Amino acid sequence: MNKQVFIMDHPLIQHKLTFLRDKNTGSKEFRELVGEIAMLMCYEATRDLPLEETTIETPISKTKTKVIAGRKLAFVPILRAGLGMVDGVLRMVPAAKVGHIGLYRDHETLQPVEYYSKLPLDINEREVIVLDPMLATGGSGIDAVTIIKRSNPKSIRFMCIIAAPEGVKAFTAAHPDVELYCAAVDDHLNENGYIVPGLGDAGDRIFGTL
């Protein structure tokens, strides 16, 4: 696998992913699982954040300890399915700002269409993590990162739960400077552009619009 791509095979993530895929999992549990997986993935995706030393006073004595070294983060979910990941990552980094990018897939061409973009005003000072549960054809992810790059953030990472090999190939070719984090790379895309075995339409399952 490309060194730009990180597959998170932690047992807790893989365990929750099994229930996320199950067609019998209802919307409430599905939403909870998406948030939990996003939280665990955020833990891994931020592993290399630099630390700096600070001094605090415990109930016993003063001590030197570590805090994150001034890096500002922004999470940017791709609407609408990416919203399901926001609560989970904000539990890990509550001070982060949140932007939104609205893209939908044209069911005839399978190409993404932009209809909304709202990013933090200081996005150029922030490390950005783009959120979308699925990376299928890669079109939405590629376009979202292209939109964000116009604002010159410090860095961009892309975090999805399930990816298709076709999407990974297209995304890494389009944005070789953007690290891609996912919990699984599945087998292939079917003729309708859905990931196989996948989990169906993540947005429909999150919001109960099946």
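Figure 1. I195 is classed as buried because its relative accessibility is 7% (buried: under 20% relative accessible area; exposed: over 50%; partly exposed: in between; 1.4 Å probe, protein chains only). The model is predicted; local features need pLDDT of at least 70, side-chain atom pairs count only at pLDDT 80 or more, and totals for chains, interfaces and linings use all residues. Residues are numbered from 1 along each chain as its sequence is written, and side-chain values use heavy atoms, with hydrogens and water left out. I195 belongs to strand β15, residues 195-196 (strands: DSSP runs of E, at least two residues; helices: H or I, at least four; both numbered from the N terminus). Residues up to four places away in sequence aside, I195 touches M134, L135, A136, I162, A163, A164, D186, H188 and L189 (contact: heavy atoms within 4.5 Å).

**Figure 2. Close-up of D201.** D201 sits in the loop between β15 and α6 (202-207). Its relative accessibility is 27%, so D201 counts as partly exposed. With residues up to four places away in sequence not counted, D201 touches R80 and Y194. The D201 side chain also reaches the backbone nitrogen of D204, at 2.9 Å (polar contact: a pair of N or O atoms within 3.5 Å; within protein, one must be able to donate a hydrogen and the other to accept it, and residues adjacent in sequence count only if both atoms are side-chain atoms).

Figure 3. The volume of the largest pocket is about 600 Å³ (grid points are joined across faces, edges and corners, and a volume is the space filled by probe spheres set on the points). A pocket is an open set of points on a 1 Å grid over the protein atoms alone, with protein on both sides within 12 Å along at least five of seven lines; a cavity is a set where a 1.4 Å probe fits but cannot get out; lining residues have an atom within 4 Å of a point. The pocket is lined by 27 residues, and A81, R105, D132, S140 and D201 lie nearest its centre. Two or more lining residues come from each of β4 (72-79), β6 (100-105), β9 (134-135), α4 (139-149) and α6. The lining divides into 13 nonpolar, 9 polar and 5 charged residues (nonpolar: Ala, Val, Leu, Ile, Met, Phe, Trp, Tyr, Cys and Pro; charged: Asp, Glu, Lys and Arg; polar: the others, Gly among them).

Figure 4. An unreviewed UniProt entry places a "binding site" feature at I195, G200, D201 and A202 (positions are in the numbering used here, feature names are shortened, and annotations may be inferred rather than shown by experiment). I195, G200, D201 and A202 from this set are in the lining of the largest pocket. D132 is in the loop between β8 and β9 and, at 10% relative accessibility, counts as buried. Neighbours within four places aside, D132 is in contact with residues including I78, A81, G82 and F158. G138, in the loop between β9 and α4, is buried with a relative accessible area of 3%.

**Figure 5. The largest cavity.** The count is 1 cavity of 30 Å³ or more. The largest cavity has a volume of about 50 Å³. Its lining consists of A45, T46, L49, R71, L73, E127, V128, I129, S155 and R157. β8 (126-131) and β10 (155-159) are the elements that give two or more residues to this lining, and β8 gives the most, with 3.
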